[in-house]
Amino acid sequence: MSAAASAKGNGGVGAGPGSGTGSASPRASPGRKVKIPGAAPPEVKEEANAAEHARVRPEREEDGGEKVSTPKRRKEGGDEQEKEIVAGGEINGQTVKVEEKEHAELPQHKPAGGFDPTRAKNSLQSGAYAEREAWLSKQERDGNIRFECVSSSAGNILHLQWILALKNIYSRQLPNMPKEYIVRLVYDKHHYSMVALKHDKVFGGCTFRCFDGQTFGEIVFLAIAAQEQVRGYGTRLMNRLKEYARGQRGLTHFLTYADNNAIGYFQKQGFTREIFLQRDKWGGYIKDYEGGTLMECALDYHLPY
């Protein structure tokens, strides 16, 4: 966004009679000089008047070769740009700085690092999302990242270690959630966790419960470590969760209570605030959470997640 800068000149530098209440300026007869108390010498006044009237007189050479310029108007790039010279020259041995008031568009400064939001937006529309997905796919093919569905009921020591690491991430990323509640759910035998691994270290995950008889699942926790966010891992995690729920469990919907900070994320993943799943399928199966918004996602069996 550009802004126009405009300002009025100070009217030059001048000297005049005192301004006491009820005082009047003395009148001078032709050919006679009247000295006014507190007034500047005549030569100073003459120079000041010359500077004051610079904007209405053509260019001419003053004493000592000094030049007083008239206002100049010029056009650059089709936009009219005006310069006003307020005062210039040397008066009473002191140099008066020339001030320029410009009516022009201020330059638009780019943020540090050369990042241009406009180019970033256009880039996102023209394929940045596809490039990011290609990069994530390569990360998976190379074995740098992977996603595993685990449960504490299996008794696998490695899986229990992953669940413990995921629990710690939940505790850091969800500070308003009681830690005892997090522990109880992640280690519950009815809950599963889709863990995100980078070089076999957990950096995020999602804990959920499947209601196979009702053909829907409930997402209870989802988080990515702070240092790994804004890289597309959250979307990748959700896609792997949908693949598992659709292919391994035969689910048709996911429900979740999203807090205000997570609503935007779930909307990007296909969740809506409108619940189309019949209430008799989910009513009484999931708990109501205060301060949360119930959201639903219908799993598409024809879409390759």
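**Labels and their cut-offs**

Colleague: Why is glutamate 148 called partly exposed?

Modeller: Its relative accessible area is 29%. Buried means under 20%, exposed over 50% and partly exposed in between, with a 1.4 Å probe and protein chains only, so glutamate 148 is partly exposed. This is a predicted model, where local features need pLDDT of at least 70, side-chain atom pairs count only at pLDDT 80 or more, and totals for chains, interfaces and linings use all residues. Residues are numbered from 1 along each chain as its sequence is written, and side-chain values use heavy atoms, leaving out hydrogens and water.

Colleague: What makes arginine 146 and glutamate 148 a salt bridge?

Modeller: The term needs a side-chain nitrogen of Lys or Arg within 4 Å of a carboxyl oxygen of Asp or Glu. Here the N to O distance is 2.8 Å, so the pair qualifies. Arginine 146 is partly exposed, at 28%.

Colleague: How do you know that aspartate 212 and arginine 249 form a salt bridge?

Modeller: Their closest N and O atoms are 2.8 Å apart. The pair links distant parts of the chain, 37 residues apart. Aspartate 212 has 38% relative accessibility and counts as partly exposed.

Colleague: Why does glutamate 228 count as buried?

Modeller: Its relative accessibility is 11%, which is under 20%, so the label is buried. Glutamate 228 forms a salt bridge with arginine 231, with the closest N and O atoms 3.0 Å apart.

Colleague: What makes threonine 256 buried?

Modeller: Threonine 256 has 3% relative accessibility.

Technical notes:
Helices (H or I, at least four residues) and strands (E, at least two) are DSSP runs, numbered from the N terminus.
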